[in-house]
Amino acid sequence: MREVPGNSFGLLFRITTFGESHGRAIGVVVDGVPAGLPLSWEDIYRELVLRRPGHKYSTSRRELDVPEIISGVFRGVTSGGPVTIIIWNRDVDSSPYEELKYTPRPGHADLQMIRKYGLDAWDYRGGGRASGRETAARVAAGAIAKKLLCSLGILIIGYVRSVGKLKLEKNVQDPQILMRSRLSPVKTFDPEFERKVMNLIDDVKRRGDSVGGCVEVVAFNVPPGLGDPVFDKLKADIAKAMMSIPGTVGVEFGLGIRLSEMFGSEAADSLIIEDGYVKYLRNVQGGIVGGLSTGEPIIVRVYFKPTSSIASGLRTVDIRKLKEVEIKVRGRHDPCIAIRAVPVVEAMLAIVLVDHAMRCGLISTDRLTLREVKNIEKYWEIYVKYSPPIDKTVESEGSG
Ligand SMILES: Cc1cc2nc3c(=O)[nH]c(=O)nc-3n(C[C@H](O)[C@H](O)[C@H](O)COP(=O)(O)O)c2cc1C
């Protein structure tokens, strides 16, 4: 018998998401947030804006995604209780899903949800619980995780590394440069690559098609020793976090799959001494060896399939008439999940790292110290600096 439904993730820093794509709201309960963290709705909104749909390179669903903090924050500071964040669904149009009620989209969760929960219980509107919209709740929780990680000076930055066959060949390890991707409509830091991606997405949209892609995420300033050597390997927990994001098809660390094509002599990394510290020369394993962080940047690549809901025609079955049919998915869909998923990938990495940092005793679990809060203020400023300005007309009804 299953005791815990899979709506929660994490051990000491634990998130539980709720809501459906076309229901009243989605949201998250974050348990394990220590008291004393300065937290405003703007802190969360700034991250949500990065994932928000409504521009040319995403779905045309227009959601403001203004979060309401309804518990766990008092006078602008966390109280130690669960932090609950609600994001109302405002721009819901379920009409295109009426005609898809009996014709499941082959690449989406539709048929499997019907088989598991029954046709009468299945929320067919916009994917219901299996919608990419659920990931807004993860980004909201991720804002808290990122802010807590600032106490250790850890910065997490993701960007689009490839779209279809278009690949960014540069390897940049400077956080300030990578941060520029937060201001890009296609979430990448290199202007030339950005232009190519935009052209490709324009073309894909014109054809009523979609395209896959890869997000790279880097965590800087991670101390050595986060993780565990056996089942709770840091790599294993990050892989689970990433593979739980809808639309993922693979995860790599460091050189990843390329290591499987090499000889030991090519793949070997070296230990060196730099400024009195023992370091890895090339960081080929992406900052995790033996399930434990090495102190080098953690580098993860997450691969996404092309969006399965496309307008150009899909072969499926009308499950009422038991007849093969063709559908063209109308409605508003992302041409490339990878672009929308960048802040989600960052959030999931932040959630795993904060949980492990708490397990190691590196972040206070009850009440933050003054030193931790000072560091948070210092490093959080970097995220704020590289964020699109907050629309002054937007207001949250619950700022905590
Ligand atoms: C941010 C984000 C946005 C997404 N947008 C769409 C979309 O517009 N249309 C769609 O069919 N799938 C979209 N997806 C992917 C589906 O949610 C996903 O394919 C579906 O839940 C089935 O899960 P699976 O692909 O992991 O098997 C999105 C995923 C994410 C993370």
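**View 1. Residues around the ligand in the predicted model.** The model shown is predicted. Gly132, Pro246, Gly247, Ser309 and His333 come nearest to the ligand, out of the 21 residues around the ligand. Helix α9 supplies four residues, the largest share of the shell around the ligand. Sorted by class, this shell holds twelve polar, seven nonpolar and two charged residues.

**View 2. Packing of helix α7 with helix α9.** Two packed helices are described by the angle between their axes and the distance between the axes. Helix α7 covers residues 234-243 and helix α9 covers residues 337-359. The angle between the two is about 145°, and their axes are 9 Å apart. The crossing in which α7 passes α9 is right-handed.

**View 3. Residues at the contact of α7 with α9.** From α7, the residues in the contact are Leu234, Asp237, Ile238, Ala241 and Met242. In α9 they meet Val345, Met348, Leu349, Ile351, Val352 and His356. By class, the contact of α7 with α9 has nine nonpolar residues, one polar residue and one charged residue.

**View 4. Ser265 in helix α8.** Ser265 lies in helix α8, which runs over residues 264-267. Ser265 counts as exposed because 6 C-beta neighbours lie inside 10 Å, and a residue is exposed if the number is 12 or fewer. Val325 is 60 residues from Ser265 in sequence. In space, Ser265 and Val325 are 54 Å apart, C-alpha to C-alpha.

Note on methods: Residues numbered from 1 in each chain as written. Predicted model: local features only at pLDDT ≥ 70, side-chain atom pairs only at ≥ 80, totals over all residues. Buried ≥ 20, exposed ≤ 12 C-beta atoms within 10 Å, placed from the backbone. Axes fitted to C-alpha atoms, helices over the stretch in contact; angles between N-to-C directions. Left-handed = near helix turned anticlockwise from the far one by under 90°. Contact = placed C-beta atoms within 7 Å. Nonpolar A, V, L, I, M, F, W, Y, C, P; charged D, E, K, R; others polar. Near = placed C-beta within 6 Å.
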